Amino acid sequence: MPHSQTSAPSDSRAGGVRLARGASPWLLPTVATAALSLARSRRSGLAKAVAVPATALAAGMLWFFRDPEREITEGRVISPADGVVQSIMPWKDGRTRVAIFMSPLNVHVNRAPLAGTVTSVEHIPGGFVPAFNKESENNERVVWHFDTELGDIEMIQIAGAVARRIVPYIPEGTKVEQGDRIGLIRFGSRVDLYLPEGVEVDVEVGQKTVAGVTRIDRD
């Protein structure tokens, strides 16, 4: 199947915060409910009772779906996700898997770890075990492959216990720059990045990562 020569949507690299693409199905009903209950709260006791939790939930949704601009770090491989390094595991084929756990408090927009071309985007149905659990290997996930200067790079977005949808932003064949936004996982989740044989890891288990900012490899 021939690849198209489309490019990922451009974005500025620093300053400001916007809302993540793919947030609307969750965000709009929540904000609408909060606004309506606040508007009616002076005349209705029920609306007043609803207004407080609805407003708090809307504020939480706005925080969760934030998508801040980032000053992209220079380096061969950068973190695709905000979160905490959950594990670093050598793989049978010589690659090293770096698993990053994303809590509901993290930004959930994921970014391209290297510049290159998206060679495949595969959605695999599955369960919704908590993303820090070993059984999460069988969760719903989206498997990405990038053709880069280091060869094929595999990245997997894994849904968590609360997440019910992974939203890829770009299709197969898209050319990406390092740090471009490539997709969203709603609520708690995990991102696995597979480094090619010979690429040394420069993060450690328990370390916090910032998508587009934290360098994953060392020279």
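Biologist: In what order do the three strands form the open sheet?
Modeller: The order is β5-β11-β9, with antiparallel pairing. The edge strands, β5 and β9, each pair on one side only. Strands here are DSSP runs of E, at least two residues, numbered from the N terminus, and two of them pair if DSSP finds at least two bridges between them.

Biologist: And what should I know about the model itself?
Modeller: This is a predicted model, where local features need pLDDT of at least 70, side-chain atom pairs count only at pLDDT 80 or more, and totals for chains, interfaces and linings use all residues. Residues are numbered from 1 along each chain as its sequence is written, and side-chain values use heavy atoms, leaving out hydrogens and water.

Biologist: How many bridges join β5 to β11?
Modeller: Three, and β5 covers residues 109–111. Three bridges also join β9, residues 166–168, to β11.

Biologist: New topic: is I182 buried or exposed?
Modeller: I182 counts as buried because its relative accessibility is 0%. Buried means under 20% relative accessible area, exposed over 50%, and partly exposed in between (1.4 Å probe, protein chains only). I182 is in β11, residues 181–185, and five of the five residues of β11 are buried.

Biologist: What is I182 in contact with, leaving aside neighbours within four places in sequence?
Modeller: Its contacts (heavy atoms within 4.5 Å) include N110, W144, F146, V167 and P168.

Note on methods
Helices (H or I, at least four residues) and strands (E, at least two) are DSSP runs, numbered from the N terminus.
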